[in-house]
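Q: Can you walk me through this model? I'd like the overall fold, then a few side-chain details.

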Amino acid sequence: MSLFRYCTPEWLEECARSYRGAPEFEEKLRKVSWKFCFRVQAEQSWGIDRDIIFGAFFDAGKLTRIGFFSEEEALREGDFLLSAPPQEWKRILKKQAKFTADFMSGKIKLVHGDVKKVVMVAPYANTIVDSITTMKLQFPDEMAPEEVEAYRGHMNTFRAELGV
């Protein structure tokens with residue numbers, strides 16, 4: 001199984017490929033027609049020098065878009081923008097914490113969107129997490145210092161290319 005680094009274009013491309021290759025995800029999310037954006041807050045020690053936003057858009061369970069967004073795009077196009085430190089997102093993606101509990105306790109903040117609608121979507125959170133963690137995922141706190149610096153360089157390069 002290939003290793004993908006968290007919060008990179010390669011990871012999101014694999015998420016899209018994996019999702020589209022697993023019809024059970026689309027079936028489980030058939031009632032979901034929302035556009036989710038997630039802000040990963042800056043964390044220097046992780047090689048994330050500035051906040052970065054990625055998102056996934058669904059229409060009746062079909063994944064219509066996945067990628068990185070500028071803040072303006074996320075606010076304009078997304079139904080929700082949720083924000084947390086990368087350590088919190090890692091806990092969610094590693095299934096060491098539950099999205100709903102962490103959202104309700106304030107560990108994950110709603111920057112944009114309607115709280116009532118987030119609560120309506122919450123029952124689907126585990127399926128969404130499952131769909132973006134089908135691959136082996138590596139987080140910066142699991143990397144050697146020189147790997148974190150290479151990750152930082154890669155992130156700065158793709159962010160400049162994508163304008164995010």
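The chat below goes from the whole chain to single residues.

A: One caveat to start with: this is a predicted model, where local features need pLDDT of at least 70, side-chain atom pairs count only at pLDDT 80 or more, and totals for chains, interfaces and linings use all residues. Residues are numbered from 1 along each chain as its sequence is written, and side-chain values use heavy atoms, with hydrogens and water left out.

Q: Fine. How many helices and strands does the protein have?

A: Eight helices and seven strands. Helices (H or I, at least four residues) and strands (E, at least two) are DSSP runs, numbered from the N terminus.

Q: And what is the radius of gyration?

A: The radius of gyration is 15 Å, close to the 15 Å that the globule rule gives for 164 residues, so the protein is as compact as a globular protein of that length. The radius is taken over C-alpha atoms, and the rule is 2.2 Å times the number of residues to the power 0.38. Along its principal axes the C-alpha trace spans about 45 × 35 × 30 Å.

Q: What share of the residues is buried?

A: Buried residues make up 48% of the 164. Buried means under 20% relative accessible area, exposed over 50%, and partly exposed in between (1.4 Å probe, protein chains only).

Q: Which residues of α1 are buried?

A: In α1 they are P9, W11, L12, E14, C15, A16, S18 and Y19. As for the helix length, the twelve residues of α1 should span 16 Å at 1.5 Å a residue, and the end C-alpha atoms are 17 Å apart, which agrees. The expected span is 1.5 Å times one less than the number of residues.

Q: Now the aromatics. How many aromatic pairs are there?

A: There are 15 aromatic pairs in the structure. Rings of Phe, Tyr and Trp (its six-membered ring) pair if their centres lie within 6.5 Å; planes under 30 degrees apart count as stacked, over 60 as edge-to-face and the rest as tilted. One of the pairs is W11 with F54, edge-to-face, at 5.3 Å centre to centre and 75° between the planes.

Q: Where do W11 and F54 sit in the chain?

A: W11 is in helix α1 (residues 9–20) and F54 in strand β3 (residues 52–59), 43 residues apart, so the pair links distant parts of the chain. W11 is buried at a relative accessible area of 0%, and F54 is buried at 6%.

Q: What about F99 and F103, stacked or edge-to-face?

A: Stacked, with 5.8 Å centre to centre and 10° between the planes. F99 and F103 are separated by about one helical turn because they are four residues apart in helix α5 (residues 99–104). An α-helix has 3.6 residues a turn, so residues three or four places apart point the same way. F99 is buried at 11%, as is F103 at 10%.

Q: Different topic. Which residues other than glycine have a positive phi?

A: Among them are C7, with phi near 65°, and K95, with phi near 60°. Most residues other than glycine have a negative phi.

Q: Are C7 and K95 buried or exposed?

A: C7, in the loop between β1 (3–5) and α1, counts as buried at 0% relative accessibility. K95, in the loop between α4 (86–93) and α5, is exposed, with a relative accessible area of 52%.
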